[in-house]
Amino acid sequence: MLYQFNEMQKMALSPVRMAAQFYSQILKSPFNPMSETAPAQTMAAGFDLFSETTQYHGKPAFGLTSTKIDMRTVAVTEEILHRKTFCQLKHFKRDTTRKDPKLLIVAPMSGHFATLLRGTVETMMPNHDVYITDWRDAANVPVYEGRFDLDDYIDYIIDYIDILGPDTHVMAVCQPGVPVTAAVALMSEDNNPNVPLSMTLMGSPIDTRRHPTEPCKLAMTHSIEWFEHTVINHVPLGYPGAFRRVYPGFLQLSGFVSMNFGRHMEAHMKQFDHLVEGDGDNADRHRAFYAEYNAVMDLTAEYYLQTIETVFQKQALAKGEMMYRGDRPVRTDLIKKTALMTVEGELDDISGIGQTVAAHDICSNLPDSMKAHYEQKGVGHYGVFNGSKFNSEIAPRISDFILNQEPRNRARLALVSEKSKANGAAKSAPAKPAAAKAATAKPTARKAPAPKPAAKKAAPSKTMNGKKPTPKASKASAAKPVTAKASPPPAKTTPKKTTPAKAASASATVKSAKTPVARKPRAAAKPATRARRQPAKKA
């Protein structure tokens with residue numbers, strides 16, 4: 001009945017909303033002599049705000065038509081690469097011949113559409129060939145097309161990775177962290193040749209026992225039967241998926257709003273002030289955000305209930321007890337070829353600190369050199385994958401990590417400034433491998449060799465294994481001299497006017513300094529030759 005009541009409320013508010021829009025246009029019309037007065041502007045702002053907050057928002061469009069690659073604008077075309085019953089694989093095809101890493105972004109199926117990650121896609125497109133899982137609203141899927149649960153979710157991810165082929169990278173934003181990790185574990189166990197090169201988990205509830213947030217506490221303190229009787233409803237008539245059992249999107253939205261009710265009220269009050277003052281730019285930004293935030297979709301009941309039980313109540317993946325299709329254990333210890341990066345936000349109130357980084361513990365056989373973790377200060381759950389901090393701090397580190405896993409490009413690209421690296425050193429990757437440590441360690445002091453000519457470059461140093469160091473290690477070793485008290489290179493000499501006696505003594509000194517070990521550079525020989533000829537001319 002809750003779903004039907006929501007539909008009745010939506011229909012009842014429709015004529016009131018249309019009337020509010022009509023009166024707002026009259027009050028703001030330039031032909032209205034009262035339009036510039038404070039009362040008229042205040043009333044018009046109130047009508048606009050009411051219309052915005054009661055507006056029904058359908059599925060938004062991505063609207064990404066261009067990106068910048070190598071300092072030039074490149075056209076982007078959205079294409080559907082593959083369709084399934086509850087999802088479609090969307091590709092953001094760039095008009096370029098550059099071969100960038102393939103990145104599959106797995107959008108959360110938690111009430112919002114995949115367009116919530118519009119900013120994520122836009123930021124990653126310049127350096128990656130981006131694909132995304134575009135989930136379908138369960139209310140638009142007829143009942144005869146079948147069910148969809150957490151195991152089906154895992155199958156979808158494996159199918160999409162197989163479609164993209166080898167050398168694919170996966171990014172899971174929030175809720176998909178668990179099914180993505182499970183999918184990679186199953187592919188690793190099957191020795192699937194398309195197992196991804198890397199997976200990035202961002203704000204994911206891998207282990208909800210660590211710093212449980214309000215949603216985690218709600219899930220852990222109520223039984224599955226309570227959720228089934230309280231929040232599961234049937235899709236009403238008028239939708240293609242009528243009579244399907246779903247978790248309605250408007251309930252998920254109300255839960256998100258109630259968690260930060262004061263913040264949302266403050267945002268709407270600021271919007272009212274912007275409308276009164278005629279601040280169109282800030283008002284448009286507010287409308288764009290809430291048009292996306294209020295656009296929600298329904299989830300199938302079987303998927304929602306299985307996720308609540310497996311992820312939030314049993315923490316099955318973190319405990320090593322997760323089962324696929326009821327009879328196959330998910331063994332994350334078999335992940336050995338897929339590099340892992342985790343990202344968390346300091347103020348995340350959905351997936352608390354420590355819940356995502358727990359993935360490093362369950363991937364126990366993955367070398368430390370293939371693991372990385374980053375915690376962003378001053379951002380909440382939304383800021384982990386969107387906003388200014390994501391664009392400037394988080395996304396460059398993810399791209400850096402992905403590009404380093406590419407077989408054809410193991411060198412670290414300078415996408416993260418040295419200052420940013422220094423600030424995030426405390427939350428960097430786990431310990432470096434032994435070979436990297438040997439390359440960057442300061443060698444023991446040796447006796448300083450005879451100074452060599454400045455024109456010749458020193459031969460590149462080698463690691464303990466006899467291999468050339470990585471670019472990162474070579475930078476570190478180049479920054480420190482071989483010995484702490486190595487003598488500086490000889491300064492360039494310039495010819496000076498000298499007496500015949502001094503010139504003769506200088507000539508004798510130069511001759512005696514010749515040794516078979518160090519050849520005198522030509523540049524230093526010229527002044528000595530001129531000094532030897534000078535007294536002959538005077539004589």
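Strands β1 and β2 form a hairpin with two residues between them, strands being DSSP runs of E of at least two residues and helices DSSP runs of H or I of at least four, both numbered from the N terminus. In the turn, Asp70 has a positive phi of about 55 degrees. The model is predicted, so that local features need pLDDT of at least 70 and side-chain atom pairs count only at pLDDT 80 or more, whereas totals for chains, interfaces and linings use all residues. Residues are numbered from 1 along each chain as its sequence is written, and side-chain values use heavy atoms, with hydrogens and water left out.

Ile69 stands opposite Arg72 in β2. Along β1 (residues 66-69) the side chains alternate between two faces.

Strand β9 (residues 245-247) pairs with β10 in the antiparallel sense over two bridges. Val246 has Thr300 in β10 as its bridge partner.

The structure holds 27 salt bridges, a salt bridge being a side-chain nitrogen of Lys or Arg within 4 Å of a carboxyl oxygen of Asp or Glu. One of them joins Lys10 to Glu7, with the closest N and O atoms 3.3 Å apart. Both residues lie in helix α1 (residues 2-28), and because they are three residues apart, about one helical turn separates them. Lys10 is partly exposed, at a relative accessible area of 23%, whereas Glu7 is buried, at 15%.

Lys90 forms a salt bridge with Glu78, the closest N and O atoms being 3.4 Å apart. This pair links distant parts of the chain, with Lys90 in strand β3 (residues 87-94) and Glu78 in strand β2 (residues 72-83), 12 residues apart. Lys90 counts as buried at 10% relative accessibility, and Glu78 as partly exposed at 32%. Lys90 and Glu78 also belong, together with Lys59 and Asp134, to a network of salt bridges.

Arg118 and Glu292 likewise meet through their side chains in a salt bridge, at 2.9 Å from N to O. Arg118 in helix α3 (residues 118-124) and Glu292 in helix α10 (residues 280-293) are 174 residues apart. The relative accessible area of Arg118 is 22%, which makes this residue partly exposed; Glu292, at 9%, counts as buried.

A disulfide is a covalent bond between the sulfur atoms of two cysteines. A search of the whole structure finds zero disulfides, the criterion being a pair of cysteine sulfur atoms within 2.5 Å. For Cys174, which is in no disulfide, the nearest cysteine sulfur is that of Cys216, 9.8 Å away. Cys174 is buried, with a relative accessible area of 12%. Cys87 is also buried, with a relative accessible area of 2%.

Technical notes. Buried means under 20% relative accessible area, exposed over 50%, partly exposed in between (1.4 Å probe, protein chains only). Two strands pair if DSSP finds at least two bridges between them.
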